[in-house]
Structure formats: structure tokens, C-alpha cells
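Hello,

Here is the structure you will be working with. Please open it and keep it beside this message.

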Amino acid sequence: VTKDDFVRAGQHSPLRDKNPDGAVFTIRELIGFALMESDGTASDVLLRIAGGPADVQYYLTQIGISDMKVVNSEKELGRDWETQYQNWATPTAAVDLLRWLETEGRNASVNERVPESQNGGTLPDTGDVRLLLKMMADSGPGANRIKGLLPKGTVVAHKTGTSGSQNGMTAATNDIGVITLPNGNHIAIAVFVSDSPADEKTREAVIAKIAKAVWDKWNVR
């Protein structure tokens, strides 16, 4: 990871802040930074290694995920306010991806159902899905979102998404995740709070209350 890989000043990147001259990392370490610390630099490097937005989009299409568009890197998102809206997903598409990770992805063998990228190579196989879900469960950001009102100790493998704010408007306060119920069943949930003038506490509380309502409905012992 070189200085050229760093996201812009003001964009979140503990990797950049701790290694101002760049450094060498394993793929596993980069995934950890991206999933557990929402590190923009790590996300961009992984995107590059995977072949870029077009290859990731192609992969999503092959595993049946529609209504999810990957167009720009994190660094590009920091270029101007409007660019971020080119990258989007519906809550349904996010849940479809979570369902794939939790079921088909988790159960597939290392060499099974590995979609090819457009350039003839392969994107990461499904053999590491358990590692991804473990990292998502250990993720630090978003403690007051999906997990906010759930019983202490509930396992939630989740990933947040948060934009900047402009003129009192925050474009995105999101959280998607897989909740493990006491009976061993799982709930895939995605809550997106978009273009909101509310403060962070209020936006996160909306996500927490929706997740709690889902828990109360489906937590059948």
C-alpha cells in the first residue's frame, strides 16, 4: 500500500493514519481494516486487487445480486458530493447479498461456484466466507445501529456505511447485517437512512428501533 493508494484527507482510514509512508499488508489484514474499521484505503486497495468496479459488478451479477451498483472507489467518492450517488444499493439487494453469504457462500466448498471475472481471472472464492462473517461480527463501527437495542451478547455480523454531511444533510447512515437468534436461526437485515437532516443519534436510533422490532417479531424460541 503506497501513498498513492491513500483516500483523501478527511476520509476515514486508520491504515493511512498509522502508516503515513505506506506499508506491506496481507489480503487478510486489508479485509480486516475494511470490515472491522471501515477503512477507505483498505477498501480501495481490495477493489483494485479484485479487478476494479467493473469486475466486482460482474461478480455480483453472477451470484444473482441485482440493484447494487459499484462504480467508484472511496477516494473518488471524496472528490465531490454528487459522485457518491452513482454507487447505490436497494435494501433488498443488500439482504440478498447477506443471504448469499450466510447460506450458499458459507456452505460452498473452496472451488465451488467461483465466478470468473471479466478478464479471465477469479475473484475471491467462497472458502473464506466464515472469516468474513467473523470479521463482520467483530466490527467496531455502528454499535448504536442494528446492535443498539438488541440483547447484550447478540451476535450481529454487520457492516455500516456512513457518508459525510453537507448543508445539514447526511446522505447515508446505513447498516446491514446478519443477526443470530437464540434458537440458532438467522435474520438478514438492511436499514438505510438516506438524505436525512436529523443528527447522528437520531439517525442511528431509527436503525436500532427497526432492528429491535424485527428481533421482537422473529425471536421465536
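Predicted model: local features only at pLDDT ≥ 70, side-chain atom pairs only at ≥ 80, totals over all residues.

Start with helix H2, residues 27-37. Which of its residues are buried? They are Leu-30, Ile-31, Gly-32, Phe-33, Ala-34 and Leu-35.

Now the charged pairs. Side chains of opposite charge can pair when their charged atoms come close. How many salt bridges does the structure hold? There are 8.

Lys-212 pairs with Asp-216, with 2.9 Å from N to O. Both residues sit in helix H8 (residues 200-218). They are 4 residues apart, about one turn of the helix. An α-helix has 3.6 residues a turn, so residues three or four places apart point the same way. Lys-212 is partly exposed at 27% relative accessibility. Asp-216 is partly exposed too, at 49%.

Asp-138 and Lys-134 form another salt bridge, at 2.5 Å from N to O. Asp-138 has a relative accessible area of 41%, so it counts as partly exposed. Lys-134 is also partly exposed, at 49%.

Arg-79 bridges to Asp-80, and their closest N and O atoms are 3.7 Å apart. Arg-79 is partly exposed at 46%. Asp-80 is partly exposed at 35%.

Best wishes

Note on methods. Residues numbered from 1 in each chain as written. Heavy atoms only, no water. Buried < 20%, exposed > 50% of the residue type's maximum accessible area, 1.4 Å probe, protein only. Helix = DSSP H or I, 4+ residues; strand = E, 2+ residues; numbered from the N terminus. Salt bridge = Lys/Arg side-chain N within 4 Å of Asp/Glu carboxyl O.
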